[in-house]
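Please find below my notes on the model. They are set out as numbered points.

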Amino acid sequence: MSTPSPTTTSDSHAPRRRLAILISSSGTNLQTLIDAPNTPVLPNSSMVPVLSNRKVAGGLARATTASPPIPMAYLACQSRRGDYDLELARIVLWAKPDLVVLAGWMDIVSESFLEVLRESSLRRSYSQINIHLALPGQFDGADAIQRGYEAFQRGEVDRLGVMVHRVVAEVDMGEPLIVREVPVEKGESIQVYEERLHRVEQEIILQATRKVPDKVRPLLPESMDLA
């Protein structure tokens with residue numbers, strides 16, 4: 001049985017990676033992921049679905065105009081957090097993803113949500129990753145860009161950056177998977193720094209989205225598939 005050539009970007013015999021993408025806003029990281037499946041950067045991948053906690057999130061429009069359109073869902077905040085977490089987990093599990101990517105998800109992932117996914121992992125492996133616009137241990141939580149930029153300009157830190165980490169209940173405290181420092185200059189505007197930061201952010205979210213499923217479920221030619 002033949003094996004794919006090194007230049008093949010999509011192997012019909014290889015298992016497809018199913019990616020669940022959680023967003024809250026314009027979806028620039030989502031667009032990076034939309035453009036990547038079935039290329040050498042992210043081969044044999046599909047998004048199932050894109051899920052937003054904001055009805056007017058621009059990322060939902062990106063999902064509907066993708067070719068082919070990506071299934072999407074909207075989950076409004078509920079008065080009882082426990083109900084919200086269970087419904088969120090239900091939607092994610094229904095999609096049977098190999099990886100859950102928090103790509104600008106502006107909400108805290110609760111322990112109860114993660115517990116549901118851990119219990120389901122007895123039958124299927126689930127991993128969750130998040131992008132955070134700061135280095136490990138720096139500026140956990142919201143407004144990391146602004147806080148980091150101001151701290152650098154005041155001389156309180158001498159380096160800034162971005163990371164992708166595993167998702168745990170403690171905000172931005174999961175195991176770092178990819179960490180990248182981003183140059184920043186004294187006196188430059190935050191807009192200049194932010195543009196540079198976002199370019200790196202989009203690079204490493206792609207790297208991590210391929211890296212984590214490769215460890216859990218490596219792509220193999222059909223003749224070597226060990227599943």
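1. Basis. This is a predicted model, in which local features need pLDDT of at least 70, side-chain atom pairs count only at pLDDT 80 or more, and totals for chains, interfaces and linings use all residues. Residues are numbered from 1 along each chain as its sequence is written, and side-chain values use heavy atoms, with hydrogens and water left out.

2. Helix α2. Helices are DSSP runs of H or I with at least four residues, strands are runs of E with at least two, and both are numbered from the N terminus. In α2 (residues 58–65) the buried residues are Gly59, Leu60 and Ala63; buried means under 20% relative accessible area with a 1.4 Å probe, protein chains only. They lie on the same side of α2, because they cover an arc of only 105° around the axis, taken from the directions from the helix axis to the C-beta atoms. Their packing partners are β1 (17–23), α1 (28–35), β2 (45–52) and β3 (72–74).

3. α1 against α2. The two axes are 9 Å apart, at an angle of about 15°; axes are lines fitted to C-alpha atoms over the stretch in contact, and angles run from 0 to 180 degrees between N-to-C directions. α1 is therefore roughly parallel to α2, a term for angles under 35 degrees. Thr28, Leu30, Gln31 and Ile34 in α1 meet Gly59, Arg62 and Ala63 in α2, contact being heavy atoms within 4.5 Å. By class, this contact has three nonpolar, three polar and one charged residues; Ala, Val, Leu, Ile, Met, Phe, Trp, Tyr, Cys and Pro count as nonpolar, Asp, Glu, Lys and Arg as charged, and the others, Gly among them, as polar.

4. Glu201. This residue of helix α6 (residues 190–216) counts as buried because its relative accessibility is 5%. Leaving aside neighbours within four places in sequence, Glu201 is in contact with Asn29, Ile131, Leu133 and Val162. The C-alpha atom of His132, 69 residues apart from Glu201 along the chain, is separated from that of Glu201 by 8.5 Å.

5. Cis peptides. Most peptide bonds are trans. Val48 and Pro49 are joined by a cis bond with omega about 0°, and Pro49 lies in strand β2. Another cis bond joins Ser67 and Pro68, with omega about -5°; Pro68 lies in the loop between α2 and β3.

6. Positive phi. Which phi value does Asn44 have? Phi of Asn44 is near 50°, in the loop between α1 and β2, and Asn44 is buried at 4% relative accessible area. Asp172 has a positive phi of about 60°, sits in the loop between β6 (160–166) and β7 (176–182), and counts as buried at 10% relative accessibility.

Methods. Buried means under 20% relative accessible area, exposed over 50%, partly exposed in between (1.4 Å probe, protein chains only). Angles under 35 degrees count as roughly parallel, over 145 as roughly antiparallel, 65 to 115 as roughly perpendicular and the rest as oblique.
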